[in-house]
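Please read the numbered points with the model in view.

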Amino acid sequence: MSAPVAEVLRTVLDADALSEMVGRPVRAVRLRVKPEVSLLMALAERDSGHTAGWAQVLWPVSASKAAKLRLRAERYGQQVLTRTLPDGLILQAGPELADPKLVDHLGRARERGLLAGVAPEAVLRYNPARRLVLRTADGVLRVRTGGGRRIEHIHRAVGTLVPVPRLIDLGGSWDPEHYSLQELCGSSDLEQSPSQEDTRRAGALLARLHASTSALPDDVRAGLASAPVSAEALVRVHAQVLDPMAPALARRTRALVAVLPTRIEGAPVLLHGDASPDQFLTDPASRSLWLTDFDRARLAPAAVDLGSYLAVCPPEAGTALLEGYRQEAGRVPDSQPLRAATALAELSRLTEPLRHADPAWADAVGTRLSRLEDTGGQLA
C-alpha cells in the first residue's frame with residue numbers, strides 16, 4: 001500500500017528530514033502536489049536562501065519516469081539523485097538544469113552559450129516543471145515549458161500601450177515558445193520596495209491599460225481568454241488538492257460556492273490578469289515604473305485587476321492604488337464588484353501556503369477560509 005499523501009507532505013516540509021533525504025541542507029520553498037502520483041518541489045539553501053534545484057517524490061504509478069529523467073539529465077552532463085523510499089516511493093533531486101520538464105530546453109541553452117556565466121544567485125524565479133527566470137549579462141532570460149509565443153505576442157502589444165520591459169530579439173534559432181529575453185528594468189518592485197506614491201502611479205498605469213482596450217490589435221484580442229472568473233471553478237481546483245490531505249478544509253472550501261459571488265459586474269477590458277505589487281518594477285533613481293509578466297492577461301471587468309492587487313496589499317497601499325486609478329480614469333469600479341473581485345482573488349490564492357511549502361499551511365489555509373466565510377456573509 002502506498003504512503004498517504006499527507007504523510008509524505010509532512011516529511012518533505014520538515015527541513016531536517018528533507019535535508020537528510022537529499023544529502024544537503026535544504027528546505028522546500030514551492031510545491032506542486034498530484035495526489036498519489038507525484039510531489040514536486042523547488043529547493044532553497046537553508047543558510048543563504050539561494051535556489052538549490054528541485055526534488056520530487058514519485059508514487060509507484062509514476063516510477064517509470066525516474067529512469068527516463070535520469071538518462072535525459074545525463075545526456076546534458078547533469079546528475080540526478082535517485083533513491084528508493086519505503087512503500088514503493090522514489091525520491092529524485094537535482095539542479096535546475098536537470099528540471100523534469102525543462103531539462104531539454106535548458107540543456108540546449110547551456111550547450112549553445114545562452115547560460116554562460118550565470119551564477120546560482122542570478123536565479124530570479126524558479127517554478128519547477130514550468131519556468132526558470134535568470135538575470136544574465138544581456139537581460140532577464142525566461143526558459144519555459146511552453147506558451148511563450150502567446151505571451152510574447154501579448155507583451156509586444158501591451159508595450160505599445162503602457163511601459164513594459166523591452167523584449168530583446170534572440171534570433172531565429174531560438175524558439176519563442178520556450179525562450180525569451182527582455183531588458184533588465186529597475187532594481188526592485190513594489191513588493192520589495194513599497195511606496196505610497198509609486199503605488200498611486202501603479203493604479204494610474206492599470207487605468208491606462210484598461211482604457212487602451214479598444215487599441216488592442218484584433219489578433220491579440222482574439223487570443224485573450226474572456227470567460228468570467230468562476231468561484232465554482234476555483235473551489236473545485238482547491239478542494240481536489242485538499243481532499244487527500246485535509247478533508248475538513250476541503251469540505252469548508254466547497255461550501256464557499258454558496259456564499260461567494262458567481263459573477264463580477266462590468267464591461268470587459270484588457271487586464272494584466274495577475275496584478276500585484278511584485279508585477280510593478282521600479283527604478284528609484286529615475287522614478288520609472290514598468291508592468292511585467294503577462295502570462296494571465298485576459299478580458300474581464302476592471303475590478304478583477306484591482307481586486308487582485310487589493311487582496312495582497314496593506315489597506316494604506318490599497319487606498320493609494322485606488323487614488324491613482326481614480327485620478328487617471330476619473331472613477332473606480334463600484335464598491336460591490338470591487339469587494340466581490342477582491343474576495344475571488346483571495347479565493348484564487350487559498351492554497352498558496354501549501355504551494356509555498358509553509359509547514360503550518362493547514363492553519364494558514366484555515367485562517368483564509370474563515371476570512372472568506374466572513375466576507376461571503378457580508379456580500380450575501
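1. Arg-156 is partly exposed, at 44% relative accessibility; buried denotes under 20% relative accessible area, exposed over 50%, and partly exposed the range in between (1.4 Å probe, protein chains only). Its salt-bridge partner is Glu-152, with the closest N and O atoms 3.2 Å apart; a salt bridge requires a side-chain nitrogen of Lys or Arg within 4 Å of a carboxyl oxygen of Asp or Glu. Glu-152 is also partly exposed, with a relative accessible area of 22%. Both residues belong to helix H5 (residues 148-158) and stand 4 residues apart, about one turn of the helix. Helices (H or I, at least four residues) and strands (E, at least two) are DSSP runs, numbered from the N terminus.

2. The model is predicted: local features need pLDDT of at least 70, side-chain atom pairs count only at pLDDT 80 or more, and totals for chains, interfaces and linings use all residues. Residues are numbered from 1 along each chain as its sequence is written, and side-chain values use heavy atoms, with hydrogens and water left out.

3. A second salt bridge joins Asp-198 to Arg-287, the closest N and O atoms being 3.1 Å apart. This pair links distant parts of the chain, 89 residues apart: Asp-198 lies in helix H6 (residues 196-211), and Arg-287 in the loop between strand S13 (280-283) and S14. Asp-198 is buried, with a relative accessible area of 11%, whereas Arg-287 is partly exposed at 41%.

4. How many salt bridges does the structure hold? There are 23 salt bridges. One of them pairs Arg-131 with Asp-295, the closest N and O atoms being 3.9 Å apart. Arg-131 is in strand S7 (residues 131-136), and Asp-295 is in the loop between strand S14 (288-291) and strand S15 (298-301), 164 residues apart. Arg-131 is buried, with a relative accessible area of 14%, while Asp-295 is partly exposed at 30%.

5. Is Lys-68 buried or exposed? Lys-68 is exposed, with a relative accessible area of 55%, and its place is in helix H3 (residues 64-75).

6. Turning to the cysteines, Cys-185 is buried at 7% relative accessibility, and Cys-313 is buried at 13%. The count of disulfides (pairs of cysteine sulfur atoms within 2.5 Å) is 0.
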